[in-house]
Amino acid sequence: MQSSPHKGTGRVAGLGPALVSALAFGGSGVAAKPLIEAGLDPLHVVWLRVAGAALVLLPVAWRHRALVLRRPALLAGFGLLAVAGVQACYFAAIARIPVGVALLVEYLGPALLLGWVRFVQRRSVSRAAAVGVVLAVAGLACVVEVWAGLGFDAVGLLLALGAACCQVGYFVLSDHGGDGDEPVDPVGVVAYGLLVGAGLLTVVASPWTMDWQVLAGRAELAGAAVPAGLLLAWIVLVATVAAYLTGVLSVRRLSPQVAGVVACLEAVVATVLAWVLLGEHLSTPQIVGGIVVLLGAFIAQTSTPKSAPATPVAGGGSAPAGAEGELSRESRPA
């Protein structure tokens, strides 16, 4: 069937917000790490990020308050995995290992998702998707330089892998976001996901024990003393609120596969920014491995499933109505 001109125009217009979303999410790690090095606990930084974004999106949550009764399990799972789980694991990881490495490990999420589809849901996946998984794992081996006996902090790598696993839960929940007679608005899911995540992180992070004076001081970024409050404002307003909302806007005009591929730029942006601003240089094998990881994620997200097109299968199936806003953000909660 030939697509309409309006649909094509919408897809072109959707690339702009998708790129903005990838750039915004990619800058979260380089803004958070100076705060961690200035004395804040990684969990406290995550709590500030999620609680601040939840407060900004509180009017959106109120507008979609009916979701609390309609889909409480979805909102709770989204807040636990897509918000609290992904971000807590990622921020804890970058406190131990380079930002680019942590994010590249997190990008094993699409590969792990295909494993879930194949072995847990027992649904077939395409050969191209399997190739994407192999490439992602091989690229990861280069990123962590396994021949050197895992030179990076093992706990940091496990935390980054935990973020990837939380991504899998995020995608699995996405399959349920559009079922029923009334699909769930992804904007409302994001708002309540942040609220639930903030509540969970409040219990885990104990923000009342945080050294609030750090936020009144300065943190070092690229050799310069930057106001800590300015870095926090960037994390909340740009790397969380703007990133989520532009991501949702983009998937209203793009397919989940295309939006997911554009989202792969997040890893590139984060690695380059960490290199320039934090001095976290990667070796040639790590750079090559990172490219291979992104290539594997690209193939895994764009491959066509063997099953019928109408069946929503991770790695290329058509998404259920209303779930596209959730499905595209891989990860993004980094």
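Reply: In this predicted model, Val-30, Lys-33 and Pro-34 of helix α2 are in contact with Ala-270, Leu-273, Ala-274 and Leu-278 of helix α15. The axes of α2 (residues 28-37) and α15 (residues 265-278) come within 8 Å and cross at roughly 40 degrees.

Me: How are α2 and α15 oriented to each other?

Reply: Angles under 35 degrees count as roughly parallel, and with a crossing of roughly 40 degrees α2 and α15 are therefore oblique to each other.

Me: Which residues of α9 are buried?

Reply: The general idea is that an α-helix has 3.6 residues a turn, so residues three or four places apart point the same way. In α9, the buried residues are Ala-129, Gly-132, Ala-136, Gly-139, Leu-140 and Val-143; they cover an arc of only 105 degrees around the axis, which puts them on the same side of α9. The face turned away from that buried side carries the exposed residues Arg-127 and Val-134. Helix α9 itself, residues 127-143, has 17 residues and reaches 24 Å from its first C-alpha to its last, close to the 24 Å expected at 1.5 Å a residue.

Me: How many disulfides does the structure hold?

Reply: A disulfide requires two cysteine sulfur atoms within 2.5 Å, and the structure holds zero disulfides. The cysteine sulfur closest to that of Cys-89 belongs to Cys-166 and lies 4.7 Å away, too far for a bond. For Cys-165, the closest cysteine sulfur is also in Cys-166, at 7.1 Å, which is again too far for a bond. Cys-165 counts as partly exposed, at 45% relative accessibility.

Key: Residues are numbered from 1 along each chain as its sequence is written. This is a predicted model: local features need pLDDT of at least 70, side-chain atom pairs count only at pLDDT 80 or more; totals for chains, interfaces and linings use all residues. Side-chain values use heavy atoms; hydrogens and water are left out. Buried means under 20% relative accessible area, exposed over 50%, partly exposed in between (1.4 Å probe, protein chains only). Helices (H or I, at least four residues) and strands (E, at least two) are DSSP runs, numbered from the N terminus. The expected span of a helix is 1.5 Å times one less than its number of residues. The arc is that of the directions from the helix axis to the C-beta atoms. Axes are lines fitted to C-alpha atoms, for helices over the stretch in contact, and angles run from 0 to 180 degrees between N-to-C directions. Angles under 35 degrees count as roughly parallel, over 145 as roughly antiparallel, 65 to 115 as roughly perpendicular and the rest as oblique. Contact means heavy atoms within 4.5 Å.
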